[in-house]
Amino acid sequence: MRFNRMLLSTTLVIVALVIQVSVLARLHLPGAVPDLVLLTVLGLALVYGHVGGALIGFGAGLLSDLAPPADHAAGRYALVLCVIGYLAGLAKPETGRLKSATGPMAVVVVAALGATLLYAGVGALVGDDAARHVGLSSLLFTAALYDLLLAPFVVPGVMALARRAENDPLAETNSAGKASDVSSGWLSSGTGLRIGNQRGGLRIKVARSRMAKAGRIKGVKRL
């Protein structure tokens with residue numbers, strides 16, 4: 001990952017984590033807590049793809065595991081967000097632009113449900129049965145609802161910032177289409193036109209010299 005990607009992703013994840021821990025977690029909403037970190041990972045994964053989504057998800061999950069008041073084993077949420085970031089990155093549009101909001105909203109709902117189920121499943125493997133006491137169905141419903149309501153205010157902004165960073169001259173261009181545009185633009189606006197102009201000038205000079213020679217030959221013959 002490029003430095004600007006790492007810097008932007010780290011900044012957005014830290015800001016999301018601080019807001020989630022200090023504000024959203026203290027609202028005491030029924031059921032789950034709105035997962036601002038998850039939405040940030042989804043927005044970045046939809047721009048950077050599955051590899052970037054997996055790496056960002058793992059880092060964001062690890063920070064969430066270590067940030068107080070976390071009461072579970074370190075690495076548990078890192079595994080969850082790593083898988084979710086990878087799968088969300090597979091839904092990245094080929095053109096890099098979203099035609100409608102239906103796709104991202106579907107990704108948010110599936111990610112909220114998948115993250116809750118995966119987190120509960122990993123907890124069951126390590127002996128944490130807290131989801132049973134709270135009610136898994138209630139957690140699934142509230143997690144999907146809260147994240148879906150919060151997504152329009154988070155995901156588009158995160159994606160816009162990520163795209164702006166990608167347009168930076170130092171950003172890495174991954175698609176062949178962008179590379180072909182750059183190469184064609186370079187040829188059309190740079191060396192190519194100059195070479196073409198030089199070739200055209202040489203052709204005109206050669207034609208003029210031939211006409212001059214032909215005129216001289218005709219003049220000699222007339223004499």
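## An exposed loop residue

With a relative accessibility of 70%, H28 counts as exposed (over 50% relative accessible area, whereas buried means under 20% and partly exposed lies in between, all with a 1.4 Å probe and protein chains only). H28 sits in the loop that joins α1 (3-22) to α2 (36-66), and its phi is near 55°, a positive value in a residue other than glycine. Helices here are DSSP runs of H or I with at least four residues, and strands are runs of E with at least two, both numbered from the N terminus.

The model is predicted, so local features are given only at pLDDT of at least 70 and side-chain atom pairs only at pLDDT 80 or more, while totals for chains, interfaces and linings use all residues. Residues are numbered from 1 along each chain as its sequence is written, and side-chain values use heavy atoms, with hydrogens and water left out.

## The chain as a whole

The protein chain contains 8 helices and 0 strands, so that its elements, read from the N terminus, run α-α-α-α-α-α-α-α. Of its 223 residues, 35% count as buried. When contacts (heavy atoms within 4.5 Å) are taken between residues at least 6 apart in sequence, 74% of them join residues at least 24 apart.

## Helix α1

Helix α1 has 20 residues and reaches 28 Å from its first C-alpha to its last, close to the 28 Å expected at 1.5 Å a residue (the expected span being 1.5 Å times one less than the number of residues). The buried residues of α1 are N4, R5, L8, S9, L12, V13, A16, L17 and Q20, and these residues pack against α2 and α6 (136-166).

Two packed helices are described by the angle between their axes and the distance between the axes. The axes are lines fitted to C-alpha atoms, for helices over the stretch in contact, with angles from 0 to 180 degrees between N-to-C directions. The axes of α2 and α6 come within 8 Å and cross at roughly 40°, and the two helices are therefore oblique to each other (angles under 35 degrees count as roughly parallel, over 145 as roughly antiparallel, 65 to 115 as roughly perpendicular and the rest as oblique). The crossing of α2 and α6 is right-handed, that is, the near helix is turned clockwise from the far one by less than a right angle, anticlockwise being left-handed. On the α2 side, the residues that meet α6 include L36, L39, G43 and V47, and on the α6 side, those that meet α2 include D147, L150, V154 and V158.

Helix α2 also packs with helix α4 (residues 102-125), at an angle of about 130° and with the axes 11 Å apart. That angle makes α2 oblique to α4, and the crossing is again right-handed. Here L38, L39, L42 and L46 in α2 meet P104, V107, V108, A111, A112 and A115 in α4.

Leaving aside residues up to four places away in sequence, L39 touches V108, D147, L150, A151, V154 and V155. The C-alpha atoms of L39 and F153 are 9.8 Å apart in space, although the two residues are 114 apart in sequence.

The 14 residues of α3 should span 20 Å at 1.5 Å a residue, which agrees with the 20 Å between its end C-alpha atoms. Its buried residues are R76, Y77, A78, V80, L81, I84, G85, A88 and G89, and what covers them includes α2 and α4. Helices α3 and α4 pack at an angle of about 150°, with their axes 9 Å apart. That makes α3 roughly antiparallel to α4, and α3 passes α4 in a right-handed crossing. Among the residues of α3 that meet α4 are R76, V80 and I84, and among those of α4 that meet α3 are V107, L118 and Y119.

R76 belongs to α3 (residues 76-89) and is buried, with a relative accessible area of 8%. Its side chain reaches the backbone oxygen of Y119 at 2.9 Å; a polar contact is a pair of N or O atoms within 3.5 Å, where, within protein, one must be able to donate a hydrogen and the other to accept it, and residues adjacent in sequence count only if both atoms are side-chain atoms. In the loop between α3 and α4 lies P93, which counts as buried at 15% relative accessibility. P93 and L46 are 47 residues apart along the chain, and their C-alpha atoms are separated by 7.4 Å.
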